[in-house]
Amino acid sequence: MPTITFLPSYRKITVDPGNTILDAIQRAQIQMNVVCGGQGKCGKCIVFIKGGTVEFDREKFGKFFTADELGQGACLACQAVVRDDLHVMIPESSLIQQQKILMESLGIETAFQPSVWKYYVVLSPPTLEDPSPDLTRLVWGVQKQGGPLAEKMYAPLDVLRGMPRVLRDSGWRVTATLALVPGGYRIIDLEKGDTRPGLYGVAIDLGTTTVVASIRSLVDGHVVGIASNYNRQISCGEDILSRVNFARKNGLPKLQALAAESINLAITSAANGAGIDLEDIYEVVVAGNTIMTHILLGIDPAYMIEEPYVPVVRRYLTTSAPRLGIEVAKNASVFLFPAVSDFIGGDIIADILASGMGERDEISLLVDIGTNFEVVLGNRDWMFSCAGAAGPALEGGEVLFGMRANPGAIERITIDPVTLESEFQTINSIKPVGICGSGLIDLLADLLRACVVDRTGRINTGIVHPRIRQGTHYPEYVIAWKSESGNNKDIVITENDIKNLIMSKASVLAACITLMKEAGITRTELSTIYFSGAFGNYIHKENAIMIGLIPEVPIEQIKNIGNGAVEGANMALINRKKRKTLDEIAKNIAYIELNAEPSFMDEYTGSSFLPHTDLSLFPGVQKMLDECRLKKSPLGVP
Amino acid sequence: MAEKSPDMGGKIGYVLLGATKAEGGTRSVSYHPGGETDLPFTGMKAWEGSVPLVAFEICDDPGYWSPIVTSYTGDLVSDTPEWARTAEKQYGADLVRLYLTSTKRRGFDDFPSITKVMEGVLSGTGLPLVVEGSNEPAIDSEVFQRCGEAGQGERLLLGTAEAGRYRSVAAAAMAYNHSVVAQSPIDINLAKQLNILLREIGLKADHMMIDPYTGSLGYGFEYSYSVMERIRYAALKGDTDLAMPMITSATDSLSVKEVRDAGPAVRDDIAVAWEFYAALSSAVAGSSIVCVRHPKTVPLLKQAFRELWAGKMPGEA
């Protein structure tokens, strides 16, 4: 069997001939950036063959490489077939890197009403005069300690099996863990001695890209640890459709296991950071999108991505941690958030919970932007929701120098309207290698202010300036010169990048406007716009309005709820009453299918303009644009 | 005819095409398309705006022209000024639309010839002119400057501005006080976007006409029709970025399958019928200027408009 040696780590792995290099990389557990799921479409999994030969169609995939790169043996890992021993160099840029993830969520007060408790009891040992069974002794003891009524408690078989030893070994001093279940209380654990402080729960945001775990004490409700990591399923495809397609090809068990593994990793690292024993985590609450939730449950998600887009289950669910492969206390229960539709999942219900918009009379708009976006509009009485594909541009995909929020990404940028020179700031303050979503929004807004692009996003090549030039395929603006960049290239934004960005932002804005029209709401009636997700925390709100990503409202009315999914899951974790309301919330949200909405396409075209064809929707931007134009001669014909 | 529909408040703006001596030019007539406050055929009068105008299309390199027209017309097509004169005197067109097809030649750089053609056509006919410049970004600027300059004072209608290339044509129009044809691909929002772009670089609304892009009848015209109707509705409801008169061209008609496949004996008749119905439908949808290429289509359209628009003639008050 061929042996593949990966450089620079010299990790070796053997695979059967006929496998792709990507297969080998995944078996070697190297975290490679696979955006398209191995279809040869994204050109991100670039590797260099340094020894041996592979089968690879250089003609077909040549467009992803420069001549120089081809000369150095570049190929796509997913399309290169292994026949013989190889030395494969994996460049840093092809690996998934440490991402900046939002950790702080803004706190909303909620009642502390957990659904697991610990009772420490000191029991009298049985005698001939008092021969009551062990369980009877225990439940009476718990009731005497202020626990539930003895007849409401029961113990599952595995707890009963261990009970006689634990009671006697501990000298009849034990701690019982009780969980509220339909019809009563289940004794889910019995430990020797007093272990009352060791009572924790964990709230999980199971995202397509990242998983966040936040551990709370269920004695007093405070957060003790939080950690996050990539969803390990990324090695099976970056976007959600690639995952479903992977599941279709008998990949569901693998995806399920990877989902559990990702959760376990996040929990373990949060627990280790806080010095907590995993066995002391008695409850897990998971908020994830509908497809992620299905996959975690091991339910086939295939029917959600084809017409008529039907999920298997929409209601909230509870199950036990071991059945899903989540490694916490063995009788811990898992609570999974309900969904509205296949596109509006538990993560959005969690957003709504975290924002509190479902409890107020005023109307709010909630926007959650990732590769897909979700929008919810409404108040305590009614809610409309919709979802769509924003495309990867806002996250740095489909943009020549676009990248995730990794070190070296330009995250803030301004352009001087007169000199057209740029000034930027990168993550970790190292030399720039690309630009991430927040940087792209800044850039587009300032290019518009400086009249370098017109309102369709076309670059005015009539402007004579070294930074504005005709690139290989499209006109481009040079953000950073080769001499100042970290990858020895001029970092540019092309007219095509801008087009992709506008398409992304247009779908979000068109969705917002469609919902508002559907509900008969104008922008002045919006009390608050909530951004959920890391994205909202890092972008400049003025610039988001300037380019027309969201409807124009006063800046102070835009709020970030941070990671709404984990925040909402936390609320459900510490307040069991909230869980009961979730199905109700989910049921009351009307889902608007944008594809079936005839006006959506119109709104989309109207929104494919900076900020929108109808400037009366953006009075502040109009004023700003007029001021910018006064300072410039916009025609710019040479 | 029905009562006039309730006033929607908006009004289509006027565009001055052609300039007479009094207006600073040399044209024998000038037109002011625009002024509608209602959809066509819904008011007490046939239409409050002007009667639709018929523009006859000619070119300076007939190698790029439909053989149906060139074989019907004969040698005349090689003499552009004479062709323009014939359009006016013999066919009875209201305007002449000149396509500078010579600029399509590979590596075209004979810019002085443009000035010459322009001067020839301006002296060949007294009608207002629509001038279609090049279709190649590399030479656009030079070509449009030449057209604009040669027609200075004549209030030309210069074409065609599209979202991807509008600066050169707009610059020439603004420099020499001409108007611009703003064409977008059958979409109300894209039409609006382009008008905004033109406005934002300084072109006045009364110097723009909308070309919503019309497919041939039976080949997508229904899309054009509904877009034209929506553009007009939006304008009448107060959207000033769409309140310009429209110009449409029925010339795709000459290349539809039915015309191509027709036998030599009936080909001209079928071509004329196709052009006629497409142009008439465009006028009914709200077009102020319809453009055709077959000489026989012109008098038919003039007659139809005269009768449908209640006897009002072009140029009459």
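How many residues does the largest nonpolar core have, and which of them have the most contacts inside it?

Guide: This is a predicted model, in which local features need pLDDT of at least 70 and side-chain atom pairs count only at pLDDT 80 or more, while totals for chains, interfaces and linings use all residues. Residues are numbered from 1 along each chain as its sequence is written, and chains are lettered from A and ligands numbered from 1 in the order in which they are written.

The largest nonpolar core has 175 residues. Such a core is a set of buried Ala, Val, Leu, Ile, Met, Phe, Trp, Tyr and Cys residues joined through C-beta atoms within 7 Å. A residue is buried if 20 or more other C-beta atoms, placed from the backbone, lie within 10 Å of its own, exposed if 12 or fewer, and partly exposed in between. Those with the most contacts inside the core are Ile204(A), Ala213(A), Val286(A), Val367(A), Val375(A), Cys512(A) and Ala569(A). Helix H6 of chain A, residues 240-274, gives the most to this core, with 14 residues; helices (H or I, at least four residues) and strands (E, at least two) are DSSP runs, numbered from the N terminus.

Leaving aside residues up to four places away in sequence, Ile204(A) touches Val211(A), Ala213(A), Ile263(A), Val284(A), Val285(A), Val286(A) and Ala569(A). Contact here requires that the C-beta atoms, placed from the backbone, lie within 7 Å. In soluble globular proteins, nonpolar side chains tend to be buried together.

Apart from this core lies another, of 96 residues, including Val96(B), Leu129(B), Ile201(B) and Met244(B).

Ile186(B) lies in the loop between strand S5 (179-183) and helix H6 (188-200) of chain B. Ile186(B) counts as partly exposed because it has 18 C-beta neighbours inside 10 Å. Not counting residues up to four places away in sequence, Ile186(B) touches Pro212(B), Tyr213(B), Tyr223(B), Ser224(B) and Val227(B). Its C-alpha atom is separated by 8.9 Å from that of Asp211(B), 25 residues apart along the chain.

The two chains meet as well: 13 residues of chain A are in contact with 16 residues of chain B. On the chain A side, these residues divide into 4 nonpolar, 5 polar and 4 charged. For this division, Ala, Val, Leu, Ile, Met, Phe, Trp, Tyr, Cys and Pro count as nonpolar, Asp, Glu, Lys and Arg as charged, and the others, Gly among them, as polar.
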